[in-house]
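Q: I'd like to learn how to read a structure like this one. Can we put it on the screen and go through it together?

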Amino acid sequence: MQTLESLTRDARALANGDILLSAPEAEVARQLQICNACRYCEGFCAVFPAMTRRLEFGKADIHFIANLCHNCGACLHACQYAPPHEFAVNVPQAMAQVRGQTYADYAWPPALGALYQRNGLTLALALVAGLTLFMVLAVALKGQGLGALWQAPAGGFYGIFPHNLLVGLFAPVFLFAVLALSLGVRRFWRDVTPATSGAPLSTPATMEATDAVLRLKYLDGGHGDGCHNEDDAYTLSRRRMHHLTFYGFMLCFAATSVATLYHYLLDLPAPYDLPSLPKLLGGVGGVSLAIGTAGLWRLNLRRHPAHGDAAQKPMDRAFIALLFLTATTGLALWAARGSAALPLLLCLHLGAVMALFATLPYGKFAHGVFRTASLLRHAVEKRQPNPIGLGAD
Ligand code: SF4
Ligand code: SF4
């Protein structure tokens with residue numbers, strides 16, 4: 001029979017969320033207790049300074065800290081308590097498992113969090129649906145059977161899919177993705193804010209977190225030589241390939257945005273020729289995205305098996321492959337302008353972009369959003385007095 005004291009303790013723990021920890025969360029809490037006694041990795045990344053501000057780890061602390069981790073592998077390769085030691089400390093793996101759980105738990109609407117369970121299949125089905133949609137539309141609009149997919153169209157790609165039809169298809173899907181990601185990360189933010197001092201965002205904190213995101217600071221291993229991939233050697237490849245992918249994606253997005261402004265404000269409809277701004281941005285962005293994703297794919301195949309969560313490999317690879325397909329079909333469209341291959345390539349490209357937009361809130365893209373939120377909270381929290389009495393860091 002429980003005593004009054006143990007009931008009170010359980011009630012307090014319940015209020016903190018401690019006894020509701022899932023198995024991956026409890027494993028992170030266990031490992032962080034060991035790390036907190038050891039502290040060898042204090043200078044590696046943001047995880048360890050955040051950890052040393054805590055003596056216990058509730059659910060919100062664990063979600064916050066797990067999303068600070070960049071899975072760089074530095075603490076695993078440095079750890080004297082890593083497997084086969086009986087303490088079995090593998091921080092990147094434990095953190096990755098919790099991160100996967102947070103993406104699903106904070107998905108909006110909540111029922112769609114289930115799409116993370118077989119995420120490779122989800123993205124593959126979304127791609128098939130996207131390709132089918134545009135091929136069927138192309139055939140139906142032209143009324144010439146499958147021959148409509150292989151002929152030089154009059155009027156460029158708007159001769160195949162009218163501009164307003166494309167806007168009507170893509171705008172709702174993209175806006176829904178933005179809404180879903182925003183509502184998901186808002187709930188995450190509300191949960192982790194009380195656990196990270198509760199202080200509001202400040203300009204210096206925002207600047208610091210933005211710098212960490214844009215430079216991918218925590219993939220530098222804490223010393224600037226890079227992180228690990230397949231072995232003990234440091235490499236900057238992961239950081240560089242992430243940068244090529246991220247900035248390539250942003251340049252492609254900028255190309256689409258500029259083209260939209262040209263269309264509506266300047267009455268200059270696509271297609272554009274060199275050296276127009278949409279063409280330059282799209283070309284440079286497409287090449288950067290293709291190289292970055294090819295590099296990430298190669299690094300992912302060679303990744304040390306103890307890094308991260310093996311169960312999330314299909315999610316990682318499906319997202320990389322979808323980005324690669326989006327980039328390469330976009331570049332191929334550029335080269336195929338005016339040729340008979342244009343309709344088929346256009347269907348491939350639009351199908352890939354549609355699948356990408358539709359799955360943004362339910363795939364690997366979420367890691368950038370939740371990690372940014374955690375880095376912002378970390379930059380705020382580190383500016384507050386240390387709650388365990390060792391002064392501000
Ligand atoms: S990962 Fe290992 S070496 Fe690093 S702080 Fe934790 S226990 Fe210490
Ligand atoms: S894997 Fe890298 S980013 Fe994650 S906790 Fe270890 S050192 Fe920090």
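Q: Going from the N terminus on, how do the elements of the chain run?
A: Start by following the chain and noting each element. This is a predicted model, and in it the elements run α-α-α-α-α-α-α-α-α-α-α-α-α-α. That makes 14 helices and zero strands. The radius of gyration is 24 Å, close to the 21 Å that the globule rule gives for 393 residues, so the chain is as compact as a globular protein of that length.

Q: And what does the C-alpha trace span along its principal axes?
A: For the chain here, the spans are about 80 × 45 × 40 Å.

Q: What share of the residues counts as buried?
A: Take under 20% relative accessible area as the cut-off. By that count, 47% of the 393 residues are buried.

Q: How much of the contacts comes from residues 24 or more positions apart?
A: Look at contacts with a separation of 6 or more: residues 24 or more positions apart supply 74% of them.

Q: How far apart are the mean positions of the positive and negative charges?
A: There are 30 positive and 24 negative charges in the chain, and their mean positions lie 7 Å apart.

Q: What is the mean pLDDT of the chain?
A: Read pLDDT as the predictor's confidence in each residue. The mean for the chain is 91, with 94% of the residues at 70 or more. Over residues 1-11, though, the pLDDT is below 50, and that stretch has three contacts in the model beyond near neighbours in sequence.

Terms used:
Residues are numbered from 1 along each chain as its sequence is written. Chains are lettered from A and ligands numbered from 1 in the order in which they are written. This is a predicted model: local features need pLDDT of at least 70, side-chain atom pairs count only at pLDDT 80 or more; totals for chains, interfaces and linings use all residues. Side-chain values use heavy atoms; hydrogens and water are left out. Helices (H or I, at least four residues) and strands (E, at least two) are DSSP runs, numbered from the N terminus. The radius of gyration is taken over C-alpha atoms; the globule rule is 2.2 Å times the number of residues to the power 0.38. Buried means under 20% relative accessible area, exposed over 50%, partly exposed in between (1.4 Å probe, protein chains only). Contact means heavy atoms within 4.5 Å. Lys and Arg count as positive and Asp and Glu as negative; His and the chain ends are not counted. The place of a charge is taken as NZ of Lys, CZ of Arg, CG of Asp or CD of Glu. pLDDT is the predictor's confidence in each residue, from 0 to 100.
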